[in-house]
Amino acid sequence: MKIFLDTANIEKIKEAASWGILDGVTTNPTLVSKEGKDFEQVVREILEVIKGPVSLEVVSTQWKAMVEEAKKLRTYGENVVIKIPMTEDGLKATKALSSEGIPVNVTLIFSPAQALLAAKAGAKYLSPFIGRLDDISSYGMRLVEDILTIVDNYGFNTEVIVASVRHPMHVLEAALLGAHIATVPYEVLKKLIKHPLTDIGLERFLKDWEKMKK
Ligand code: E4P
C-alpha cells in the first residue's frame, strides 16, 4: 500500500520523507490555510521535496473555472494531481482534465455511487473520507470495501486513497482491504512506528550490552 502524508506542513513532510516510506502528499484548502503562508510558497516547498504525486485542490466551483485553475496548478510541476470535489461540475471538470491526460483526485466521496461516477468520469484517484463517516456513526471502512469491489468489478484504472484517516487502525484496515493508498496525518504516521515492546526490548538489549562491557 502506498502511503501519502495528509498535510501542507513542510517540516512534517521532510521528516516523514526521511523515513523512506512516503509515496506522495495530499493537501486541501483547510490544510494549506493552517500554514499561514503564501499558497505558492507552500506548493513550491512541497514540490522541492516530494517527487511522487502531490494533490492540490481547486477552490472554484464551476467546471470551466475548475479546469482553468487546474491548468494553473499543473504549471507548478508534472507530479501535481488536481483535487476536484465530487459535484456535477466536479464530474465535468474531471472528464475534461482526464481527457487531456491531467490526473484528477476526486475528493469528498461519501458513497459507493459517487465513487462509481467519479471513476467513469476518468478520475485517477478516488478519495473516500472515512473518519468523517465514522464521526456520524456510519461505518467508513465499509465504503472503502464497496469502492474496491466496484473498481475491481469493472477494472477501472483508478486508485483508492483512504482519506480522513484518524488513527492507526484506519491504516491497518485499509491495508487489510487492499486499498491502493492511505493518506495519513503526520501524528497518525508517527503512532504507526511505535510499539511499547520495541522500546522495552531495545532498552534491555542496550543494558545487557553495557553490562557485558563492564
Ligand atoms: C484528503 O485528501 C483530505 O485532505 C483529508 O483526508 C481530510 O481529512 P479530515 O476529515 O481529517 O479533514
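This is a predicted model: local features need pLDDT of at least 70, side-chain atom pairs count only at pLDDT 80 or more; totals for chains, interfaces and linings use all residues.
The fold is built on a closed barrel of eight strands with parallel pairing, and the largest nonpolar core has 56 residues.

**Barrel and a packed helix**
- Going around the closed barrel, the strand order is E1-E2-E3-E4-E5-E6-E7-E8.
- On average, neighbouring strands of this sheet are turned by 30° against each other, ignoring direction.
- For a look at one pairing, take strand E2 (residues 24-26) and strand E3 (residues 54-57), which run parallel and share two bridges.
- Within that pair, Val25 sits opposite Val54 of E3.
- Helix H5 (residues 88-99) packs on the sheet and touches strands E4 (80-85) and E5 (104-109). The direction of H5 makes about 155° with that of E4.

**Nonpolar cores**
- Ile82, Leu126 and Val162 have the most contacts inside the largest core.
- Leaving out residues up to four places away in sequence, Val162 touches a list of residues including Pro128, Ile130, Met141, Val144 and Ile181.
- There's also a second, separate core of five residues, among them Phe4, Tyr125, Ile161 and Ile181.

**Leu176, out in the open**
- Leu176 is part of helix H9 (residues 168-177).
- Leu176 counts as exposed because its relative accessibility is 69%, and the cut-off for exposed is over 50%.
- Leu176 and Met1 are 175 residues apart along the chain, yet their C-alpha atoms are separated by 9.6 Å.

Notes. Residues are numbered from 1 along each chain as its sequence is written. Side-chain values use heavy atoms; hydrogens and water are left out. Two strands pair if DSSP finds at least two bridges between them. Helices (H or I, at least four residues) and strands (E, at least two) are DSSP runs, numbered from the N terminus. Axes are lines fitted to C-alpha atoms, for helices over the stretch in contact, and angles run from 0 to 180 degrees between N-to-C directions. Contact means heavy atoms within 4.5 Å. A nonpolar core is a set of buried Ala, Val, Leu, Ile, Met, Phe, Trp, Tyr and Cys residues joined through side-chain atoms within 4.5 Å. Buried means under 20% relative accessible area, exposed over 50%, partly exposed in between (1.4 Å probe, protein chains only).
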